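Visitor: I would like to go through this structure term by term. Please set each value against its cut-off.

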Amino acid sequence: MKIAKFVYLFIILLSIVATHYLAEYETSVRGYKAYGGEYTIPILGWIIATIYYEICKSIDNNKKFKTGREKNE
C-alpha cells in the first residue's frame with residue numbers, strides 16, 4: 001500500500017507540474033494567455049490517481065480476506 005500511496009501522490013504532483021509547463025508553452029504558441037484544456041490536466045490526474053489507488057486498495061483487501069479465510073478453515 002505504501003507504493004500505491006507514493007504513486008498516487010506522484011501522479012498528482014506530476015500533473016500539477018505538467019500543467020505549469022504546458023500553460024507556458026501554449027501561451028508562447030498562441031501569443032496570449034492560455035485558457036484551454038491544459039488546465040484540466042490536474043483534474044484528470046487526480047481522477048486517474050484515485051482510480052489507481054482504489055484498485056490497489058481493493059486488491060490488497062482481497063488478498064487479506066483470502067488469506068484470513070484460508071487460516072480459519
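Visitor: What makes Glu 54 and Lys 57 a salt bridge?

Guide: A salt bridge requires a side-chain nitrogen of Lys or Arg within 4 Å of a carboxyl oxygen of Asp or Glu. The closest N and O atoms of Glu 54 and Lys 57 are 3.5 Å apart, so the pair meets the definition. Before going on: this is a predicted model, in which local features need pLDDT of at least 70 and side-chain atom pairs count only at pLDDT 80 or more, while totals for chains, interfaces and linings use all residues. Residues are numbered from 1 along each chain as its sequence is written, and side-chain values use heavy atoms, with hydrogens and water left out.

Visitor: Where do Glu 54 and Lys 57 lie?

Guide: Both are in helix α2, three residues apart, about one turn of the helix. Helices are DSSP runs (H or I, at least four residues), numbered from the N terminus. An α-helix has 3.6 residues a turn, so residues three or four places apart point the same way.

Visitor: Why are Glu 54 and Lys 57 called partly exposed?

Guide: Buried means under 20% relative accessible area, exposed over 50%, and partly exposed in between (1.4 Å probe, protein chains only). Glu 54 has 40% and Lys 57 has 31%, so each is partly exposed.

Visitor: How many salt bridges does a search of the whole structure find?

Guide: The search finds three. Arg 30 forms one of them with Glu 26, the closest N and O atoms being 3.6 Å apart. Arg 30 also meets Glu 38 in a salt bridge, at 3.9 Å from N to O. Through shared partners, Glu 26, Arg 30 and Glu 38 are joined into one network.

Visitor: Which of the labels buried or partly exposed applies to Glu 38, to Arg 30 and to Glu 26?

Guide: Glu 38 has a relative accessibility of 7%, so Glu 38 counts as buried. Arg 30, at 33%, is partly exposed, and so is Glu 26, at 21%. Arg 30 and Glu 26 both lie in helix α1, four residues apart.

Visitor: What makes Thr 19 buried, and which residues does Thr 19 touch?

Guide: Thr 19 is in helix α1 and has a relative accessibility of 7%, so Thr 19 counts as buried. Contact means heavy atoms within 4.5 Å. Leaving aside residues up to four places away in sequence, Thr 19 touches Glu 38, Tyr 39, Ile 41 and Pro 42. Other buried residues of α1 include Ala 4, Ile 12, Ser 15 and Ala 23.

Visitor: How many aromatic pairs are there?

Guide: Rings of Phe, Tyr and Trp (its six-membered ring) pair if their centres lie within 6.5 Å; planes under 30 degrees apart count as stacked, over 60 as edge-to-face and the rest as tilted. By this rule there are two aromatic pairs. Phe 6 and Phe 10 have ring centres 6.2 Å apart and planes at 20°, so this pair is stacked. Phe 6 and Phe 10 are four residues apart in helix α1 (residues 2-30), about one helical turn. Phe 6 is exposed at 57% relative accessibility, whereas Phe 10 is partly exposed at 45%.

Visitor: Why is the pair of Tyr 8 and Tyr 53 called tilted?

Guide: The Tyr 8 and Tyr 53 planes are 50° apart, with 5.6 Å from centre to centre. Tyr 8 lies in helix α1 and Tyr 53 in helix α2 (residues 41-72), so the pair ties together parts that are 45 residues apart in sequence. Tyr 8 is partly exposed at 22%; Tyr 53 is buried at 18%.

Visitor: Which residues make the nonpolar surface patch?

Guide: The patch of about 780 Å² is made by Ile 43, Leu 44, Trp 46, Ile 47, Ile 48, Ile 51, Ile 55 and Ile 59. Patch residues have over 30% relative accessible area and no salt bridge; like charges are joined within 9 Å, and nonpolar side chains (Val, Leu, Ile, Met, Phe, Trp, Tyr) within 5 Å. Accessible areas come from the Shrake-Rupley method with a 1.4 Å probe. Ile 51 has 49% and Ile 59 has 44%.

Terms used: Helices (H or I, at least four residues) and strands (E, at least two) are DSSP runs, numbered from the N terminus.
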